[in-house]
Structure formats: C-alpha cells, structure tokens
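Dear colleague,

I am passing on the structure we spoke about, and below it you will find an account of what came out of looking through it. Please read the notes with the structure open beside you.

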Amino acid sequence: MPSRSRTPDADAATVGIVGPAAPVLSAADVARVIDRLAHQILESAAHAADGGCALVGIPTRGVPLAHRLAARIADFGDVTIPVGSLDITLYRDDLRLRGARPIVETREPAGGVDGRTVILVDDVLCSGRSCRAALDALTELGRPRVVQLATLVDRGHRELPIRADYVGKNLPTSAEQSVRVLMTEIDEVDAVYVVGGDADE
Amino acid sequence: MSEDPRTLRHLLSAADLDRDTAVELLDTAARMHALQAREVKKLPPLRGRTIVNLFFEDSTRTRSSFEIAGKWLSADVVNVSAKGSSVSKGESLRDTALTVAAMGVDALVVRHNASGAAARIAGWVGCHVVNAGDGTHEHPTQALLDAYTLRQRLGDIEGRHVAIIGDITHSRVARSNVILLNTLGARVTIVAPPTLMPSGIASWQCETSWDIDSVLSGKAYGDVDAVMMLRVQRERMSGGYFPSEREYAIGYGLSPERLDLLGDAAPVLHPGPMNRGLEISSAAADGERSVVLDQVRAGVSVRMAVLFRLLAGNAEVVV
C-alpha cells in the first residue's frame, strides 16, 4: 500500500508523527473497537461448524491484533480460537517496485487451516493488495472452507475487488494521507493516527 | 561499491556486505529455510526473471544450489558451462558475458578460475552479477552459508573465535570468510604451513599461526569456538608446497587427537569436497561436531536470500 509505512520497531517519534496531532483513535477507542470486532466474530464465525475458526494475522501489526481479538473472544464467549501469522512478502505484486523487504515468520494456527473458517486480520485495509497477497500465501498453507477479512481501520482507496467482513473503523482519507496504527506490543502504545501527506515520506 | 548499501546491486565480495545487510541476508535465509519444510517448495517472488549460471570452472554444489535456489523462487534458471559452449571455441570472457547478458538476463551467477572475473563482468553487463567463486580471490555466498551454519550451531557469531586451517593460498573461501566473520564481529585465526600462507596475509584482519595444535588447544589465541578446514587444492598447485600428503596430514590434518583439543561444543566446518585422510580425518568429517551437511543444506537457503535481495525490487536499476 503506497502511503503506509510499516516500520516494525518504530515508536511514535520515528513513524513520522509530528506536532501535537491528536490520535483519531485513542487507546480506549482501540480497546473498544477490538471488543466490538471480537463480539462480531463471536456472533458470526467463532462457532463455525465443522473445523471451527482460526485467526491469521498479517504482519506486522495484524499479528498482535489477532492475538488480542482471540483473547477478547475467549473472555466473552469462552471459546479458544487458534492464532497464526502469515508472511506475505514473497507474494506481493509490488516487490519489483518497492524492493526486497525482510521476510517475517509464518506460523500456522494450531490445527492448520484446512476446512476451517480462516479470518485474516490486518491493521489497515487500503488498496487491498496485502489481502490479495495474503490469499495467495494462505493457499500454500492449505484449503480453508471460508476466508474472511477483519481490519481495524478501513481507509478506502481500494484497487482490487476486496471487502472486509469485519471493520473496526471506517476512516475516510485522502490519497496523500497515511494511516498509522500503533499497537502496544510493538509501539508501546495503542493509537491510530492520520498523518498528512506532507508529514509523510 | 554502491552508494546506498540498501540497493545492493552485485554480490562480488564479502566486503560488499555491511553488518546490517549480512544479518538481514542470514535472517532471510532462515525464513527461506523454514519455508522449505513445506510440501510445495516453490515461492513466487522471482516469477518471470531469468538467471544464468555462467560457470567456467567445475562445480557441483555451488552450481546446483544456485539452480535450486533460483527455481524455488520461481525464476527461470539456465546453466552455461565453459565446456561445450563457445568458450571452448576461443571466445573471450567479455564476448561470452555480453552475449549471454544480451539475451535479456536479469542476473549472472559467475564462476571463473581467474581472480576478479566476476567484477570485470559486472562492469560490462547491465544485469546483476553474483560471484560464485573467482580464482583464489573470493566466494561470498560460501562465506554467508558458513556464517549461517555457525549461527545455527553457536547462536550468535559476535565475539566468537573461528580457526580457519589449511590451504589458504589457494582458497577463495578463506578470504571471504575472514572478511564476513569480521563484519559479523567474530575473531579469526588462520593456520597454514608457511608455504600455503598467502604473501599478503599481513593485511588480513586475523591472527596467523603455523602451529595447529597450539591454536586448537587455545594456548595461542584463546579458546576456539569453531574450526573451518579447507581443502588442499591440488588442481591449483603447480609445485611442491609440502613434501608428501602423509606429512601434510600429520602436520595440519584434523586428526581424532586434534579433535580432542577442542571445546565440547565447537563444530567442524568444511566447504567440500573433502580430501579424507589429508586435511580432515574421517573421525572429524563424520563425527558429531561435523556440520558439513548442514553447510550444504544452508547453501540453498542462503542463495535464495541473495537472489531475492538482489532481484526482487531492483528492477529500475537495470535499464
């Protein structure tokens, strides 16, 4: 996604958040949104028949997000949903444009993906190209019965016919802006920022 | 070479790699290795790219592992060897390289018996060039796979002490390893008989010794964490570098007795092919310390990482 940087270990200062800009979603908002997503998944998929459900996070921040969703689903519904992670670097269609990037770990959810309802979890949905790459990468792991997509933020600007099944927050943005999701596990704070085009790289 | 280390254009020398790039390549190789556990090993990132293995010198493991690495990344791989090509009709290195490159190749993997051949070719052609061994100069992917194997065995390489023993004069592996191990923060001691110690060794970043026993036991330069045995390259030798094979084996071979001088955890590496009974005893080659086959396994992963790093995304550089 062109206007989104995913520096793995960046903190708020280095991801380009400048000045006193307030987050679009505060830590409390993020927690609330995750709770709602957990409820929605619980209602429609968590008790999926034959094989059940698995959450698969797309690195970097989709992975902690998937773990949090699973934890909340366990709190609310008393179901344990296995969590995995899926590296999509090797499946991206923009490798030639953006250059080689570090490959991160792919971890299959316990019990695999075959015959299950697999919910891909990403922090920001934009062009849909990450999701397309994730679908390709997922094929290599097995054949899920159903694949769904959960995202914390949907910012529009789709370039492919892809739609999320669970959306935490619709955030209309201009193409010049960029959305930064910070998660405690990586960034030591939970927040979502919209960064103006000029503050960006 | 390149201004920005992030845009690695060619891999000609271990010195082309700064510490961050080297660590990134080793990390990528580890990921590639994990992905090879799958039933379907092919990955898509280099689809539509063409890699030519241009080998002017015999090779089994390097060429086949570059070929497998390219194919598992979905590139098309073509092998050109000097035997049976126009080279045997007298075509020059430049003409051969330009001819192959003119076919729309994205990368050339070059092995040649002249030092500097890959670097010369990189100056002539527009595509990426990987040095797969040039004479007695360098063999950077071998150094990477040795570092990968060491990391597997020892955890971190930083602060470790590696002894490289054998025919240093004729070894491209030794030079690349000394450079890369230093980049990664290890200490290197070179051990060789005086006749097989290269004349410029003083400028290498390492300790040197003629006495294998005092180095292995740690008396000379401190405990040794890993031993790398090098092949006695009889094909590159024109004269008498040592009186007899038996004398070399006694003086510098890794015998069972010398193995006992090492600390318990120290692995034994050998880039292969091994001369059993000459530089390495069968006890050392087949024992628990031996990581020779791990090195071969690492070869594919490491070369996948290198091809991925060079080819995935540097498209606009090649115009």
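**Helix 1 against helix 11 in chain B**

In chain B, the axes of helix 1 and helix 11 approach to within 8 Å and cross at roughly 120°. Angles from 65 to 115 degrees would count as roughly perpendicular and those over 145 as roughly antiparallel, and helix 1 and helix 11 of chain B are therefore oblique to each other. Please keep in mind throughout that this is a predicted model.

The crossing of helix 1 of chain B with helix 11 of chain B is right-handed. On the helix 1 side the contact is formed by Leu25(B), Thr28(B), Ala29(B), Met32(B) and His33(B), while helix 11 of chain B brings Ser301(B), Val302(B), Met304(B), Ala305(B), Val306(B), Phe308(B) and Arg309(B). Sorted by class, the residues of this contact between helix 1 and helix 11 of chain B are eight nonpolar, three polar and one charged.

**Where the two chains touch**

The contact between the chains draws 15 residues from chain B and 11 residues from chain A. Helix 1 (19-35) and helix 11 (292-311) of chain B each give at least two residues to the side of chain B that touches chain A, and the largest share of that side, four residues, belongs to helix 1 of chain B. By class, the side of chain B that touches chain A consists of seven nonpolar, three polar and five charged residues.

**Helix 6 of chain B and its surroundings**

Helix 6 of chain B has 12 residues, which at 1.5 Å a residue should span 16 Å, and the distance of 17 Å between its end C-alpha atoms agrees with this. The buried residues include Arg172(B), Arg175(B), Asn177(B), Ile179(B) and Thr183(B). The elements of chain B against which the buried residues of helix 6 pack are helix 1, helix 5, strand 4 (128-134), strand 5 (161-165), strand 6 (187-191) and strand 8 (226-229).

Helix 5 (residues 140-154) of chain B packs against helix 6 (residues 172-183) of chain B at an angle of about 55°, with the two axes 8 Å apart, and these two helices of chain B are therefore oblique to each other. Their crossing, helix 5 with helix 6 of chain B, is right-handed. From helix 5 of chain B, Pro140(B), Gln142(B), Ala143(B), Leu144(B), Asp146(B) and Ala147(B) meet Val173(B), Ser176(B), Asn177(B), Leu180(B) and Leu181(B) of helix 6 of chain B. The residues of this contact between helix 5 and helix 6 of chain B comprise seven nonpolar, three polar and one charged. Just after helix 6 of chain B comes Gly185(B), which has a positive phi of about 90°.

**Chain A**

Chain A contains five helices and seven strands, and along its sequence they follow the pattern α-β-α-β-α-β-α-β-β-β-α-β. Chain A has 201 residues, of which 42% count as buried. Among the contacts in chain A with a separation of 6 or more, 72% are between residues 24 or more positions apart.

Is Asp75(A) buried or exposed? Asp75(A) counts as exposed because it has 11 C-beta neighbours inside 10 Å. From C-alpha to C-alpha, Asp75(A) and Ser44(A) are 16 Å apart in space, and in sequence they are 31 residues apart.

With best wishes

Notes: Residues numbered from 1 in each chain as written. Chains lettered and ligands numbered in written order. Predicted model: local features only at pLDDT ≥ 70, side-chain atom pairs only at ≥ 80, totals over all residues. Buried ≥ 20, exposed ≤ 12 C-beta atoms within 10 Å, placed from the backbone. Axes fitted to C-alpha atoms, helices over the stretch in contact; angles between N-to-C directions. Parallel < 35°, antiparallel > 145°, perpendicular 65-115°, else oblique. Left-handed = near helix turned anticlockwise from the far one by under 90°. Contact = placed C-beta atoms within 7 Å. Nonpolar A, V, L, I, M, F, W, Y, C, P; charged D, E, K, R; others polar. Expected span 1.5 Å × (residues − 1).
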